[in-house]
Amino acid sequence: MAEVNILRFPQVQAKTGLCRSSIKNYVTAGKFPAPVQIGPRAVGFVEAEVNEWLASRIAASRKKPT
């Protein structure tokens, strides 16, 4: 099995530049990868999914309108 890295909220905030409430809103709207439960009161985000989301945002911002 491939190594899976889990990012906590502060790491996701630093990586994306989004605040905690924006991340939660995007998750609720289905526009950001959902967190995984890693403990009774702890969640984290799969780093590969966050990286894919960032790559898609970058690609979308680089597309030229036709």
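Me: What should I know about the model before reading the values?
Reply: Residues are numbered from 1 along each chain as its sequence is written, and the side-chain values use heavy atoms, with hydrogens and water left out. This is a predicted model, in which local features need pLDDT of at least 70 and side-chain atom pairs count only at pLDDT 80 or more, while totals for chains, interfaces and linings use all residues.

Me: How do you know that the span of helix α3 agrees with its 16 residues?
Reply: Helices are DSSP runs of H or I with at least four residues, strands are runs of E with at least two, and both are numbered from the N terminus. The expected span is 1.5 Å times one less than the number of residues, so the 16 residues of α3 (residues 47-62) should span 22 Å, and the end C-alpha atoms, 23 Å apart, agree with this.

Me: What makes one face of α3 the buried one?
Reply: Buried means under 20% relative accessible area, exposed over 50%, and partly exposed in between, with a 1.4 Å probe and protein chains only. V50, W53 and L54 of α3 are buried. Seen down the axis of α3, the buried residues fall within an arc of 95 degrees (taken from the directions from the helix axis to the C-beta atoms), so they line one face of the helix. E52 and R62 are exposed on the other side of α3. The cover over the buried residues includes β1 (6-7), α1 (9-16) and β3 (42-46), where contact means heavy atoms within 4.5 Å.

Me: What makes β2 and β3 a pair of strands?
Reply: Two strands pair if DSSP finds at least two bridges between them; β2 and β3 have three bridges, in the antiparallel sense, and so they qualify. G39 has A42 in β3 as its bridge partner, and the two strands form a hairpin with two residues between them.
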